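I opened this notebook page to record what I looked up in one protein model.

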Amino acid sequence: MPQKSLSDLLLIGFPPNKKEGEWLHEYGITLDPGMPVAVAVMKIDHYSEFCERYKQSDRALLRHALTNITGEIMSEFHT
């Protein structure tokens, strides 16, 4: 759910009926809306072919690996 919520946040912004902090806390997202935020966007060539060839569990492993790699890269900027 947090991935979908963050996607919606990037596309449409925060819901108008909630404060940013409340909305983030509700989904367990530890972002401070008052602080600068970095967003990593990856383009994966031939991803649809990968999805056709491999099971959903394999795709989940790829997402997990890419998330970890991105976290490691972004943590260098945080320290």
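The entries below go from the overall fold to single residues.

Entry 1, conventions. I worked on a predicted model, in which local features need pLDDT of at least 70, side-chain atom pairs count only at pLDDT 80 or more, and totals for chains, interfaces and linings use all residues. Residues are numbered from 1 along each chain as its sequence is written, and side-chain values use heavy atoms, with hydrogens and water left out.

I found 4 helices and 0 strands, taken as DSSP runs (helices H or I, at least four residues; strands E, at least two). From the N terminus the order is α-α-α-α.

Of the 79 residues, 9% are buried, that is, under 20% relative accessible area with a 1.4 Å probe, protein chains only. I noted an accessible surface of about 6900 Å² (Shrake-Rupley method, 1.4 Å probe), with 59% of it belonging to carbon and sulfur atoms.

I located Leu 31 in the loop between α2 (20-26) and α3 (47-53).

I placed Arg 59 in helix α4 (residues 56-78). Arg 59 is buried but has no salt bridge (a side-chain nitrogen of Lys or Arg within 4 Å of a carboxyl oxygen of Asp or Glu). The nearest side chain of opposite charge, Asp 58, is 7.9 Å away. Leaving out residues up to four places away in sequence, Arg 59 touches Tyr 47, Phe 50, Cys 51 and Tyr 54 (heavy atoms within 4.5 Å).

Key. Buried < 20%, exposed > 50% of the residue type's maximum accessible area, 1.4 Å probe, protein only. Lys, Arg positive; Asp, Glu negative; His and termini not counted.
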